[in-house]
Amino acid sequence: MSKKGPTKGSGGKGRRSLEGKGPTPKAEDRPYHKAYRAKQLSERSAAKRSTGKRTDRIKVNAEFVTGRNSVVEALRAGIPAKALHVAIRIDVDDRVRESLKLAAAQGIPLMEASKQELDRMTDDAIHQGLALQIPPYEYKDAVQLATKAVKDYDRGYTTSQPLFLALDGITDPRNLGAIVRSASAFGADGVIIPERRSVGMTASAWKTSAGAAVRVPVAKCTNLTSALKEIKAAGIFVIGLDAGGDMELPNFELATGPLCIVVGSEGKGLSRLVRENCDAIVSIPIDSAMESLNASMAVGISLYEVSRLRNQSAK
């Protein structure tokens, strides 16, 4: 039975042809639209990243100091750098001019990059058009460094007793940088860190150290407890800093001999095994209202007292 009404429209179209073809597909789903091509390229790029293949010219996991103030400060401090990446058509100010001048004077290559490249390199950090690429830090061997310091003193190559810092569970790069800076200020022979559960010499640590890591070596050990045992066997006295120590730092008698000061993280303090392998636990007297000191602050106070006692002993 046929439906009532005309079978043809005013344009001569049949009823079925007038029913339409449904909603219009999205632009990215239409093969002849430019959005479709963009979607295909995006999916291919994502597939390459998931398989570990990259087409980027610069490694994303490299260490960078970013931002105009940070970069110029790092260059002033003489922090080793592989390259200074500068945005194309950067808005030049005094900080950019000085950064370019310092980089040229230090023989650091200048590399132009687009804003997108800088975003990718620095993991979307605020770079303001400048990114200073820092090379991987070359760590010394902790036990070898300590043993050499003892031998050099015994042979008369150096006039000061060996002095080291060992860090137990320090994970903040700014703390490490500040500790390295204090070590340089008071003539320490090195800073020892374990491979696990410890921060390394990152760009942030370099920046905080104000270039002091150039003068004071940072050494690594596989296991801090084992390294402390070997350091003691080499003739270095190992003391741990802790609020509950059985000795107080002021006028600490053993400060004038070969010494390694171990400091733990703020809050947790020294780990049990490290504490058990210290020759003595020494505390810094502080007001009872203050629970603990920041690790870098405790190191600075300790190094000052050791330096004072050594100078006093030499007179």
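Buried means under 20% relative accessible area, exposed means over 50%, and partly exposed is anything in between, using a 1.4 Å probe and protein chains only. This is a predicted model, where local features need pLDDT of at least 70, side-chain atom pairs count only at pLDDT 80 or more, and totals for chains, interfaces and linings use all residues. Residues are numbered from 1 along each chain as its sequence is written, and side-chain values use heavy atoms, with hydrogens and water left out.

**View 1. Tyr137, Tyr139 and Trp206 make up one aromatic cluster.** Searching the whole structure turns up three aromatic pairs. One of them joins Tyr137 and Tyr139 edge-to-face, at 4.8 Å centre to centre and with 65 degrees between the planes. For a pair, rings of Phe, Tyr and Trp (its six-membered ring) need centres within 6.5 Å; planes under 30 degrees apart are stacked, those over 60 are edge-to-face, and the rest are tilted. Tyr137 counts as buried at 16% relative accessibility, while Tyr139 is partly exposed at 28%.

**View 2. The charged end of Lys220 sits over the ring of Tyr139.** Look for that charged end 4.4 Å from the ring centre. To count as sitting over a ring, NZ of Lys or CZ of Arg has to be within 6 Å of the ring centre and within 35 degrees of the ring normal.

**View 3. Asp152 and Lys148 meet in a salt bridge inside one helix.** Side chains of opposite charge can pair when their charged atoms come close. Here a salt bridge is a side-chain nitrogen of Lys or Arg within 4 Å of a carboxyl oxygen of Asp or Glu, and the whole structure has eleven of them. This one spans 2.8 Å, N to O. Asp152 and Lys148 are four residues apart in helix α5 (residues 142-154), so about one helical turn separates them. Helices (H or I, at least four residues) and strands (E, at least two) are DSSP runs, numbered from the N terminus. Asp152 is buried, at 14% relative accessibility.

View 4. Lys232 is partly exposed at 27%, and so is Asp279 at 37%.

View 5. Arg308 is partly exposed at 28%, whereas Glu305 is buried at 10%. Elsewhere, salt bridges that share partners join Arg68, Asp93 and Arg95 into one network.

**View 6. Helices α2 (residues 68-76) and α3 (residues 94-105) cross at roughly 30 degrees.** Their axes come within 9 Å. Axes are lines fitted to C-alpha atoms, for helices over the stretch in contact, and angles run from 0 to 180 degrees between N-to-C directions. So α2 and α3 are roughly parallel to each other (angles under 35 degrees count as roughly parallel, over 145 as roughly antiparallel, 65 to 115 as roughly perpendicular, and the rest as oblique). The crossing of α2 and α3 is left-handed, meaning the near helix is turned anticlockwise from the far one by less than a right angle; clockwise would be right-handed.
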